Amino acid sequence: MSVYCDHNAGSPIRPEAAEAVVRAFAIGGNPSSVHARGRAARKLMEDAREQVATSVGASAENVIFTSGATEALHLALRAVRGVAQSLVLSAIEHDALWEEAPNVDLPRFVAPMNGDGAVDLAALEQILAEAPRPALVAVMLANNETGAVQPIARAATLVREAGGMLLVDAAQGLGRIPVSLADLDASYLVLSSHKIGGPQGAGALILASGAPFAITQGGGGQERGRRPGTENVPAIVGFGVAAELAARDDAARVRALRDRFEAALLKIEPNAAIFARDAVRLPNTSLFAIPGWRAETALIALDLEGVCASSGAACSSGKVRASRVLTAMGVSPDLARCALRVSFGWSSMEADVDAALNALTKLRAREAA
Ligand code: PLP
């Protein structure tokens, strides 16, 4: 059995969500069909819509189901077509948005970060003064690599004062910190099922009342015409159950596990750097680097010891690039290439933390020998 410390990549499916998925598969039916089976599928899907809406304090009719956070982010970029005159992104937005932004035909501005991994609000204010109005402004709720929680309420005030619209990627927020559409004061909120212990293949774009939504795709009229194509009912049903459970997760328990990990890590490796440690951070995430121990080597070694962790860097064709997020925080490329991430969640136990630490101790002793 492997020791799973990678909840930010994907949280294992919760048993209650898995059972709900299986029940939905057994019912089958297209939620757009008017017959009994179709109505049964629709009922399951609408119950899930309520569950997802409730988890963030939104109205069910403003929840648009998608295949995940990536599609929801892309949908938000299209929703402002004809309204937004510019696009402002924080420098640490997920690739799901970052790599799609150049495909949007709008002038683009990037808001820099401070050394703690939070968006620089003074710089954001300056950009908002210059960017053509109204701007669509994307600031994620919490970063997937560092766990740094962004000052969304203050960013929202700046965005509102500049007449803009705020897009908040909360894929890593739900289940780790409280998420409320009203408190965040966002026009668009994005969630992903598999980050919260639901199945892969479901997510949502959630609109605040009155948020612009340009219909840019034709199709069968599903999701009130806003996202055509037959909905993935089983995944959506599992997502609903996971959202309800995640909103009740015990963050203090998970924080204790993460803190136990970091305290022991610093005993094993007093030189380890823990990124965004003094920032407001998700309770489940630890991004650290042991100078000289490159992420690609470390991850393979940990995997051989049965520990599933992640790097803070993007791996492509076996080469690890320094993470864009750490670079934006001013971390040197050499240290950034050593960044490793462990992230815990609903299924994590003390035994997982201890097993990960034992593996680290063993591997570091071997390196030193
Ligand atoms: N946004 C953030 C912050 C993420 O961590 C992820 C997952 O990697 C995504 C978006 C993309 O989510 P999905 O896999 O649901 O498309």
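A polar side-chain atom of Lys-195 sits 2.8 Å from an oxygen atom of the ligand, so let's start there and look at who else is around, keeping in mind that this is a predicted model, where local features need pLDDT of at least 70, side-chain atom pairs count only at pLDDT 80 or more, and totals for chains, interfaces and linings use all residues. Residues are numbered from 1 along each chain as its sequence is written, and side-chain values use heavy atoms, with hydrogens and water left out.

## Around the ligand

Which residues surround the ligand? They are Gly-68, Ala-69, Thr-70, His-94, Met-140, Asn-144, Asp-169, Ala-171, Gln-172, Ser-192, His-194 and Lys-195 (near here means that a heavy atom of the residue lies within 4 Å of the molecule). Here are some of the distances to an oxygen atom of the ligand.

| Residue | Atom on the protein side | Distance |
|---|---|---|
| Ala-69 | polar backbone atom | 2.8 Å |
| Thr-70 | N or O atom in the side chain | 2.6 Å |
| Lys-195 | polar side-chain atom | 2.8 Å |

## A pocket and a cavity

Rolling a probe the size of a water molecule over the atoms shows where empty space is left. On a 1 Å grid over the protein atoms alone, a cavity is a set of points where a 1.4 Å probe fits but cannot get out, while a pocket is an open set with protein on both sides within 12 Å along at least five of seven lines; lining residues have an atom within 4 Å of a point. Grid points are joined across faces, edges and corners, and a volume is the space filled by probe spheres set on the points.

The second largest pocket has a volume of about 240 Å³. It is lined by 18 residues, and the closest to its centre are Ala-69, Thr-70, His-94, Ala-171 and Lys-195. Helix α3 (residues 69–79) supplies the largest share of this lining, three residues. (Helices are DSSP runs of H or I with at least four residues, strands are runs of E with at least two, and both are numbered from the N terminus.) Sorted by class, the lining of this pocket has seven nonpolar, eight polar and three charged residues. Ala, Val, Leu, Ile, Met, Phe, Trp, Tyr, Cys and Pro count as nonpolar, Asp, Glu, Lys and Arg as charged, and the others, Gly among them, as polar.

## Glu-262 in its helix

Glu-262 belongs to helix α9 (residues 251–268). Is Glu-262 buried or exposed? It counts as buried, because its relative accessible area is 2% (buried means under 20%, exposed over 50%, partly exposed in between, with a 1.4 Å probe and protein chains only). Leaving out residues up to four places away in sequence, Glu-262 touches Ile-274, Arg-277, Arg-281, Thr-285 and Ser-286 (contact means heavy atoms within 4.5 Å). With Arg-281, there is also a side chain to side chain polar contact at 2.8 Å. A polar contact is a pair of N or O atoms within 3.5 Å; within protein, one must be able to donate a hydrogen and the other to accept it, and residues adjacent in sequence count only if both atoms are side-chain atoms.

Arg-133 and Pro-134 are joined by a cis peptide bond, with omega about -5°. Pro-134 lies in the loop between α5 (121–130) and β5 (135–138). Asp-185 is not a glycine, yet its phi is positive, near 60°.
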